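Please open the structure in your viewer, with the sequence beside it, and keep a selection tool ready. The tour below goes from stop to stop, saying what to select next and what is there.

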Amino acid sequence: MTASTPAKRQLPDFPWPRTLKQKVILSFVLVVLLAVGNIVVVRSLLHESDGLAVAVNVAGKMRMLSQRITLEALAGAAAPESHVSRLQQHRDMFNQAYHALMSGGQAYGLTVPQVRLSQARQLAAVGHDWQVYQELIASITPGAKMLPAAQAAMVRDPEPLLAAGDQLLGSAEALLDSLVRHARDVQQRALHSSYALFVLDLCLLLLAYALVSRQVLRPIRFLVRQCQELASGNFTARSGLRRRDELGRLGQALDESAEHIEHLLTEIARERVSLQQAALVYEHTSEAMVVTDADGYVRNINPAFTIITGYEAIDIVGKRLNVLSSGRHGRDFYQGMWHGLMSTGRWSGDIWNRRRSGEEFVERLTINTSYNADGSVNCRVGLFSDVTEKRRREAMIWHQAHYDHLTQLPNRQMFQASLQQCIDESGDGGPPFALIFLDLDLFKEINDTFGHDEGDELLRQVSRRLTGCVRESDLVARLGGDEFTLIIRGLGDPEGVRPICRKILEAIGQPYVLGGNIASISASVGVTFHPRDAGDAMTLLRHADLAMYAAKEMGRSQYCLFSPDMQETALLRRDLLHTLQPGDPIAEPQ
């Protein structure tokens with residue numbers, strides 16, 4: 001059986017300060033304790049020195065009083081009436097001083113400490129000699145029981161009194177010498193104590209410096225060295241502090257920051273190539289780029305911006321882009337743009353701007369917003385290109401597709417779209433409108449007589465006269481050949497179309513100057529109404545055509561409003577034509 005090894009006794013952990021605040025508080029407490037200790041020691045030495053000085057002073061006064069009492073006693077024996085009270089006063093003062101030194105008290109207005117045991121023997125001798133001396137003094141004082149002859153003999157032979165005075169003086173001097181020697185000893189002790197206290201203070205200061213150097217200055221040197229390394233670009237440096245106080249946490253934070261920066265530098269090095277490529281794109285792209293802050297002030301532009309607008313970076317950076325404004329867009333346009341940017345962060349569209357030279361141009365602008373991590377706007381990036389020529393070509397193609405090349409009036413396609421739009425607006429509660437179908441009478445004869453150029457000129461003049469007969473809100477279109485249509489909007493009363501028709505016929509009937517010739521022509525006009533006569537575009541156009549043919553049958557320069565019997569007549573005519581097929585004897589010409 002083996003003896004079990006006794007377990008080591010676990011010593012309790014001493015609550016050493018762990019933080020700089022605790023260490024500073026501990027250092028402050030030690031300094032305060034050291035200062036209090038110095039004050040207590042010095043105060044004790046000063047108190048003992050002051051007490052000895054008072055004792056020496058009182059002993060010296062007792063020595064002088066012993067001599068003075070002898071002289072007063074001898075003088076009082078010769079002239080007792082004038083010296084009795086003064087002698088008694090000196091005796092009382094000597095007694096007071098003696099008792100103050102014996103047991104402590106007041107003497108001569110001073111607080112006298114009790115003498116130490118080493119001076120008690122000398123003080124007892126002074127008390128004995130003072131008792132003998134008082135008896136001799138009392139024997140020669142007026143009123144004493146001694147016979148007058150004996151008092152006279154004492155005055156004639158004062159040797160006993162003088163001997164007793166000398167004995168008292170010697171005892172007092174011995175007491176004074178003892179007190180002086182003790183004072184010198186106390187001063188020497190105070191000096192040695194001061195030396196010891198200085199050495200103790202110096203040791204404590206050295207210990208405090210060692211603690212501060214180890215606990216504060218040395219870690220700070222490590223941190224300063226690491227900061228210098230980080231400032232020089234060496235982010236691999238580490239402080240190596242493994243402490244649990246604030247300096248240790250600071251060192252750990254610096255280590256983590258250096259590691260994070262090192263990681264960021266690695267990532268930056270990886271992204272540098274892509275950033276260089278992005279910079280090349282930014283510098284050499286043909287599309288203009290502009291970067292603004294959240295309020296629209298320009299931060300940066302690329303060279304394409306200068307090429308398109310003519311503004312250099314020095315002219316535009318720090319300013320708002322409204323220096324490019326052409327004035328074509330109203331407040332509503334820009335408010336809509338900012339509303340889109342504020343709500344979605346993006347806007348795209350065409351905008352008319354002005355170059356530095358004053359020339360207006362159309363740009364296709366796309367604005368995107370870059371946000372910070374907190375959701376606030378970092379910047380806005382605008383990308384645009386000059387689409388002036390493109391938009392001009394598109395407008396030309398659109399115009400050619402929707403307008404008649406001869407008269408510049410809307411063509412059949414534009415007319416049909418406008419007619420359908422009017423039907424939709426009227427069907428949604430809008431006002432009714434009239435559709436006018438116009439055909440020129442005997443236009444073929446004009447072409448045959450004067451030629452096609454004059455015929456084309458006549459059509460152009462007709463188109464201008466028709467446009468002058470209606471409002472800007474109305475529509476005049478050429479369907480082809482000598483056929484024109486008009487859409488008259490906002491008719492509250494169908495009868496209001498009659499003055500318009502008469503005005504049209506009168507305008508068309510005026511003579512035409514065609515080169516060196518003058519020609520006259522008339523027109524036949526048919527009118528139908530929406531929604532009274534029909535609800536769709538095809539039916540409306542057919543009704544207007546029927547009304548126009550009815551007007552032709554009435555003679556030239558006439559207008560006719562559509563009525564349902566016109567449709568019945570047209571149906572009968574169609575049936576008759578179907579009946580008279582080729583080969584029928586009735587259909588054969590005679």
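Select cysteine 501, which counts as buried because its relative accessibility is 0%, where buried means under 20% relative accessible area, exposed over 50%, and partly exposed in between, with a 1.4 Å probe and protein chains only. The model is predicted, so local features need pLDDT of at least 70 and side-chain atom pairs count only at pLDDT 80 or more, while totals for chains, interfaces and linings use all residues. Residues are numbered from 1 along each chain as its sequence is written, and side-chain values use heavy atoms, with hydrogens and water left out.

How many disulfides does a search of the whole structure find? The search finds zero, a disulfide being a pair of cysteine sulfur atoms within 2.5 Å. Cysteine 501 is accordingly in no disulfide, and the nearest cysteine sulfur, which belongs to cysteine 560, is 9.9 Å away. Now select cysteine 227, which counts as partly exposed because its relative accessibility is 38%.

Next, go to helix H1, which covers residues 20-78; helices here are DSSP runs of H or I with at least four residues, strands are runs of E with at least two, and both are numbered from the N terminus. Select Ile25, Leu26, Phe28, Val29, Leu30, Val32, Leu33, Val36 and Val40, which form a nonpolar patch on the surface with about 790 Å² of accessible area together. Accessible areas come from the Shrake-Rupley method with a 1.4 Å probe, and for residues only the protein chains shown count as cover. Patches are made of residues with over 30% relative accessible area and no salt bridge, with like charges joined within 9 Å and nonpolar side chains (Val, Leu, Ile, Met, Phe, Trp, Tyr) within 5 Å.

For a charged patch, select Arg214, Arg218, Arg221 and Arg225, which gather in a patch of positive charge on the surface. Lys and Arg count as positive and Asp and Glu as negative, while His and the chain ends are not counted; the place of a charge is taken as NZ of Lys, CZ of Arg, CG of Asp or CD of Glu. Arginine 221 lies in helix H5, residues 159-231, and it counts as partly exposed because its relative accessibility is 45%.

Turn now to opposite charges. Side chains of opposite charge can pair when their charged atoms come close. A search of the whole structure finds 18 salt bridges, each being a side-chain nitrogen of Lys or Arg within 4 Å of a carboxyl oxygen of Asp or Glu.

Select arginine 328 and glutamate 360, whose side chains meet in a salt bridge of 2.9 Å, N to O. This pair links distant parts of the chain, 32 residues apart, since arginine 328 is in the loop between helix H8 (313-316) and helix H9 (331-344) and glutamate 360 is in strand S6, residues 360-371.

Then select glutamate 389 and arginine 392, which form a salt bridge of 2.4 Å, N to O. Both lie in helix H10 (residues 388-402), three residues apart, about one turn of the helix. As a last stop, select Asp350, Arg364, Arg391 and Glu394, which are linked in a network of salt bridges.
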